Each structure stands twice: as C-alpha cells, then as structure tokens.
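Open the model in your viewer and keep the selection tool ready. The tour goes one stop at a time.

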Amino acid sequence: MHDRAGFSIVDGGRNFRAPRLLVVDIDAADWLALGTGGQADENAFSPRLAPTETALIRRARERMDVLAMSCHARSARAVLDACGLGDMGIVAPDPDLVPEGRRADPSPLSIPAKLAEALAACCGERGLPLRSVALLAASPIALGAMLEARWAGALKDAGREACLAADRVFAARSRGGLADAIAWALGLLGDA
C-alpha cells in the first residue's frame with residue numbers, strides 16, 4: 001500500500017501491462033442512508049459485486065488493467081477476496097481518515113476529491129496519463145475521478161451530476177447497468 005496525504009492506493013502487487021486502465025466504482029449507494037438533505041457521506045455506500053459483474057471484470061483483466069474504486073478500502077478488499085479478485089488493486093480514501101462505520105470528520109477535501117487525487121497519483125506513479133483511463137461511476141463518490149478520466153460512464157445510481165458529466169449513462173445497477181457499463185468500457189479500451 002502506498003500512503004499519501006488523505007488517501008491510500010492498495011495495488012495488490014500487480015504490474016500494469018498496458019497504457020490502458022479501467023476503474024470500476026464497486027460501491028452501491030444506499031439511498032436511505034443519504035438522508036433528507038441529499039448529502040452523501042461514507043456511510044451511505046458499501047462495496048459489492050454481482051456474479052455477472054465479477055465475470056466481466058475477470059474478462060476485462062485478461063485484456064487490460066483494472067482497479068476497483070471504493071469509499072471503504074477494507075470492505076472492498078473483503079468483497080474482492082470473496083469474488084476471487086483478491087489481487088485486484090483498490091483506489092480508496094485513507095481508511096484512517098475515514099473509518100468504516102463512523103461519519104468522517106469535516107475535511108478540506110471531500111471523499112470524491114480524495115478519490116480523484118488517489119487515481120491521479122496511481123496513474124502518475126506508473127507513468128499512465130489520466131486520459132487513457134475509463135472510469136465507471138456506480139455512486140456519487142466517483143464524480144471527481146470521472147471528470148479526470150478520458151471515458152466516463154455513469155449508472156443512474158451515481159446521481160444527477162455524475163450522469164451529466166458522463167460520456168454514457170447506463171441503467172441502475174439493479175437493472176444490470178454496471179455489467180453493461182463494464183462491457184462498454186471493455187469495447188472502448190479494447191479498440192483504444
């Protein structure tokens with residue numbers, strides 16, 4: 001794990017094979033936890049992957065490098081381990097700054113900004129330009145990072161701002177949107 005001010009990059013020891021990267025937001029929005037004010041905090045999201053999503057990620061990893069993005073590094077690691085993707089890297093805010101199960105203290109950087117900064121650092125360490133990244137937003141926390149990526153897809157679950165910023169909008173996750181978005185990105189990056 002590479003520590004930086006405000007975030008962590010957990011890379012699982014994988015080396016990047018090509019100048020292409022797919023980043024998949026594996027957090028699922030819990031809209032009941034978002035509250036009446038519409039403000040999201042880290043408690044409103046939890047990582048998960050359905051079997052079809054896992055299969056598509058495995059297929060993508062045969063052709064390109066894939067990172068998971070999550071608000072909770074430890075929970076995301078458990079989800080990836082359970083899906084047989086334990087060596088997959090994760091871009092997440094520093095778990096010490098945003099403890100799971102507790103609300104984060106006010107911070108000068110929001111969680112979306114921390115994730116965007118973490119992704120930029122991850123790409124910079126590997127000499128990979130952000131313009132060669134496809135990012136799939138499944139929740140509002142990915143908005144900052146998706147603005148930096150060359151291609152951005154958003155599920156309807158990601159919220160209005162993410163959908164407006166996306167190159168393509170997909171159905172809600174419950175309707176197969178993440179699987180469709182991964183297939184779309186696989187086609188984009190496969191031809192890049």
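**Stop 1: Ala60**

Select Ala60: its relative accessibility is 0%, so Ala60 counts as buried. Keep in mind that this is a predicted model. Ala60 sits in helix α1, residues 51-63. Now show its neighbours. Leaving aside residues up to four places away in sequence, Ala60 touches Leu22, Val66 and Leu186. Draw a distance between the C-alpha atoms of Ala60 and Leu22. It reads 8.2 Å, for two residues 38 apart along the chain.

**Stop 2: strand β3**

Select residues 21-25, which form β3. How many of its residues are buried? The count is 5 of 5, so by the under-20% cut-off for relative accessible area the strand is mostly covered.

**Stop 3**

**Stop 4: the nonpolar cores**

The largest nonpolar core has 32 residues, and Leu22 and Val24 have the most contacts inside it. At least two residues each come from β3, α1, β6, α2 (73-82), β7 (89-93), β8, β9 (151-155) and α6 (177-190). Which element gives the most to this core? Select α6: it supplies 7 residues. Another core, of 29 residues, lies apart from this one; pick out Ile111, Cys122, Leu130 and Ala152 among its members. In soluble globular proteins, nonpolar side chains tend to be buried together.

**Stop 5: helix α2**

Select α2 and show Ala73, Ala76, Arg77, Val79 and Leu80, which are buried. Look down the helix axis. The buried residues of α2 fall within an arc of 165 degrees, so they line one face of the helix. Finish just after α2, at Gly84. Check its backbone torsion there: Gly84 takes a positive phi of about 80 degrees.

Notes. Residues numbered from 1 in each chain as written. Predicted model: local features only at pLDDT ≥ 70, side-chain atom pairs only at ≥ 80, totals over all residues. Heavy atoms only, no water. Buried < 20%, exposed > 50% of the residue type's maximum accessible area, 1.4 Å probe, protein only. Helix = DSSP H or I, 4+ residues; strand = E, 2+ residues; numbered from the N terminus. Contact = heavy atoms within 4.5 Å. Core = buried A, V, L, I, M, F, W, Y, C linked by side-chain atoms within 4.5 Å. Arc of directions from axis to C-beta.
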